[in-house]
Amino acid sequence: TLKTIAIIFSLAAIFTSCSNDDDSSPVNEEEVISTVKVTLTNGANIITLTSKDLDLDGPNLPEITVSGNLSANTTYTGEVSLLNETVSPVKVVSEEIVESAQEKLDHQFFYVANSGLLGAFTYEDEDGNGNPIGLRFTFTTGAASTGDLSVILKHLPNKSAEGVSSGDITNAGGNTDAEAKFNI
């Protein structure tokens, strides 16, 4: 009887210590984003804002370029492109957000004007729940001014939190996937 009990306990220990290493659930790896490119268009007037950081979290600061000045009291249509320029061919990361319903739910861009910059942003795209994404937007400039524009991509923001759907990042939470600051 003791031998039978010992064998049963031994077998129980063996079976409970084994695990299923065949986890076939897909892993959603975080994408590498080296470049944030914002294109603002008003008719033939096209302004491009680019932040390129090819060493990613390395010691070098991002290379920031602004192709020209915006006009006061003007409405621009805007579009954001996210690129991984550390690989060849260059990977367009923003396409994944456009093509995946889940990625649309999981991401939102925020446009934060500060240091005297005047203007208002309106989202022009949304996820499956009717919440904003921000890959496409309009920016209506105010009176002539200068300042900083921060473009921030949040992963898993709380899109139902107060102010988030109108572009207020204060209650968004989530993690920052990309951030670029432009002096315009």
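The following is a conversation about how the terms used for this predicted model apply to it.

Colleague: What kind of model is this, and which residues count?

Modeller: The model is predicted, so local features need pLDDT of at least 70 and side-chain atom pairs count only at pLDDT 80 or more, while totals for chains, interfaces and linings use all residues. Residues are numbered from 1 along each chain as its sequence is written, and side-chain values use heavy atoms, with hydrogens and water left out.

Colleague: Why is Thr-138 called buried?

Modeller: Buried means under 20% relative accessible area, exposed means over 50%, and partly exposed is in between, with a 1.4 Å probe and protein chains only. Thr-138 has 16% relative accessibility, so Thr-138 counts as buried. The residue lies in strand S8; strands are DSSP runs of E with at least two residues, helices are runs of H or I with at least four, and both are numbered from the N terminus.

Colleague: What is Thr-138 in contact with, leaving aside its neighbours within four places in sequence?

Modeller: Contact means heavy atoms within 4.5 Å. With those neighbours left aside, the partners of Thr-138 are Thr-75, Tyr-76, Thr-77, Ala-120, Phe-121, Thr-122 and Glu-124.

Colleague: What makes the phi of Leu-56 and of Asn-73 worth a remark?

Modeller: Leu-56 is not a glycine, yet its phi is positive, at about 55°. Asn-73, also a residue other than glycine, has a positive phi near 50°. Leu-56 is in the loop between strand S2 (45-52) and strand S3 (63-66), and Asn-73 is in the loop between S3 and S4.

Colleague: Why is Asn-73 called exposed, and Leu-56 partly exposed?

Modeller: The relative accessibility of Asn-73 is 61%, so Asn-73 counts as exposed. For Leu-56 the relative accessible area is 31%, so the term is partly exposed.

Colleague: Which peptide bond is cis, and how do you know that?

Modeller: The bond from Ser-88 to Pro-89 has omega near 0° and is cis. Pro-89 is found in the loop between strand S4 (75-84) and strand S5 (91-92).

Colleague: What makes a set of residues a nonpolar core?

Modeller: The residues must be buried Ala, Val, Leu, Ile, Met, Phe, Trp, Tyr or Cys, joined through side-chain atoms within 4.5 Å. The largest such core here has 32 residues, and those with the most contacts inside it are Val-36, Val-38, Val-80, Leu-82 and Tyr-111. Among the elements that give two or more residues to this core are strand S1 (35-42), strand S6 (107-114) and strand S9 (148-155). S9 supplies the largest share, four residues. In soluble globular proteins, nonpolar side chains tend to be buried together.

Colleague: What does Leu-82 touch, leaving aside its neighbours within four places in sequence?

Modeller: Apart from those neighbours, the contacts of Leu-82 include Ile-33, Val-36, Val-92, Phe-109 and Leu-153.

Colleague: Why is the pair Glu-31 and Lys-91 called a salt bridge?

Modeller: A salt bridge is a side-chain nitrogen of Lys or Arg within 4 Å of a carboxyl oxygen of Asp or Glu. The N to O distance between the side chains of Glu-31 and Lys-91 is 3.2 Å, so the pair meets the rule. The two residues are 60 apart, with Glu-31 in the loop between helix H1 (2-17) and S1, and Lys-91 in strand S5. Glu-31 is at 25% relative accessibility and so counts as partly exposed.

Colleague: How many salt bridges does this rule give?

Modeller: The count comes to five. One of them joins the side chains of Lys-52 and Glu-85, at 3.7 Å from N to O. Lys-52 lies in strand S2 and Glu-85 in the loop between S4 and S5, so this pair ties together parts that are 33 residues apart in sequence. Lys-181 forms another with Asp-148, where the closest N and O atoms are 3.8 Å apart. Salt bridges that share partners also join Glu-31, Lys-91 and Glu-96 into one network.

Colleague: Why is Asp-148 called buried?

Modeller: Its relative accessibility is 14%, so Asp-148 counts as buried.
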